[in-house]
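Dear colleague,

Please find the structure below, followed by a short account of what was found in it.

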Amino acid sequence: MNAKKIGFIGLGLIGGSIAKAIRQYYPDYDIIAFDKNKESLALAIQEGTIHTSCSSIDDNFRGCNYIFLCAPVTYNAAYLSQLKDLLDENCILTDVGSVKTSIHEEVIRLGMEANFIGGHPMAGSEKSGFMNSKAHLIENAYYILTPSAKVAEEKVDAYKNFVSSLKALPVILDYHEHDHITGTISHLPHIIASTLVNFVHDTDSKEGMMKALAAGGFKDITRIASSSPVMWQQICLKNSENISQILGEYIEALSHAKDLVDEGNEPALYALFENSKDYRNSMPNGSAGPIKKQFALYCDIIDETGGIATIATILASNNISIKNIGIIHNREFEEGVLRIEFYDEDSANRASVLLQKYRYVIYEV
Ligand SMILES: NC(=O)C1=CN([C@@H]2O[C@H](COP(=O)(O)OP(=O)(O)OC[C@H]3O[C@@H](n4cnc5c(N)ncnc54)[C@H](O)[C@@H]3O)[C@@H](O)[C@H]2O)C=CC1
Ligand SMILES: O=C(O)C(=O)Cc1ccc(O)cc1
């Protein structure tokens, strides 16, 4: 296959991860990038992820087969006009933004539909920047494509195949539908997480007891409150209609929950938690989806020197690699447990069987 030229505008967590995946699967492709952060570009050159770092959207971008817009959503749309005269007829112009209607509207306004296929990898994290990017970030994750009305079928097929070749799972969606779906399953949860964290901050005592005692449940549902403020500011500005409507409906759901508490409505409160438990448990547990599945188990451990080393040795001598390991102290595990994270499900299952053989008590959460 002919080596292709790929351009990136924005080389942070997502741009960097896609560039690294391309470098891994297509080592001979020419990758060029522009980012306002010069240090990221220097690091990407040094690591061999990109060949050319650009100080603006300049002539280097001519002749690209693909151009990925990977900056926060407002900037992606703002850069389209600078790209217009640099695109070949065959170039596939795409973005990775979390909101799609606004960029499609700008593409239509500028007459760039024949080149544009919107994109959105449903993978990421609360971390940002090139230094946190990873070649396998999009692996097994759904990758939504929103083709423009006037883009040729062959371009859509080529892009779908390219996404699959990077081990992501392409899904075609209408861009309006995309913004309603992500408004509900991604944008609303981020707003809930951030307002909840701020609520604790604002209502906590001077001594910060709430902060000190915040348990696993609070931390689980607020992890994403640590995400990039500029990215989420721009998502809220660009998907405001959907988010406002969805927030309105969600506030009604919260208000209904308050009514049940005020009434002391036993059956309805039970049903609230039973329904959520059943539906949450029915969600696929594969690695695809916005939150990558973590393959972790929890293990009781006596707090003594060498305790962790013994477990690490048992696992290592059975060729099971540990991704992360650490002691957790919270209300669920009063005595403190060891949390061990693995790279895949098979390793987690083998570790569980093995450690139980050595009489460790294992919790799979
Ligand atoms: N973080 C996540 O989990 C996900 C983010 N996205 C989308 O991906 C896009 C990028 O997000 P991340 O990579 O997470 O953010 P990031 O903050 O890690 O990367 C953004 C990059 O764009 C650069 N940048 C910012 N403003 C710029 C400008 N005006 N000109 C040139 N470069 C500029 C930054 O220096 C940074 O390197 C956003 O549109 C976001 O909506 C999509 C899926 C997941
Ligand atoms: O960290 C997480 O779990 C996320 O939710 C990441 C994420 C953030 C923004 C997106 O548009 C898609 C995925």
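Two residues are taken to be in contact if their C-beta atoms, placed from the backbone, lie within 7 Å. Helices (H or I, at least four residues) and strands (E, at least two) are DSSP runs, numbered from the N terminus. Axes are lines fitted to C-alpha atoms, for helices over the stretch in contact, and angles run from 0 to 180 degrees between N-to-C directions.

This is a predicted model, in which local features need pLDDT of at least 70 and side-chain atom pairs count only at pLDDT 80 or more, while totals for chains, interfaces and linings use all residues. Residues are numbered from 1 along each chain as its sequence is written, and chains are lettered from A and ligands numbered from 1 in the order in which they are written.

An open sheet of eight strands runs in the order 3-2-1-4-5-6-7-8 with mixed pairing; strands pair if DSSP finds at least two bridges between them. Strand 3 (52–54) and strand 8 (169–172) form its edges.

Helix 3 lies across strand 1, strand 4 and strand 5, at about 145 degrees to strand 4. The axes of helix 3 and helix 4 (residues 101–110) come within 9 Å and cross at roughly 10 degrees. The two helices are therefore roughly parallel to each other (angles under 35 degrees count as such). Residues V73, N76, A77, L80 and S81 of helix 3 meet S102, I103, E106, V107 and L110 of helix 4.

Around ligand 1 there are 29 residues, with G10, G12, S98, G124 and S128 the closest; a residue counts if its C-beta atom, placed from the backbone, lies within 6 Å.

With kind regards

Conventions. Angles under 35 degrees count as roughly parallel, over 145 as roughly antiparallel, 65 to 115 as roughly perpendicular and the rest as oblique.
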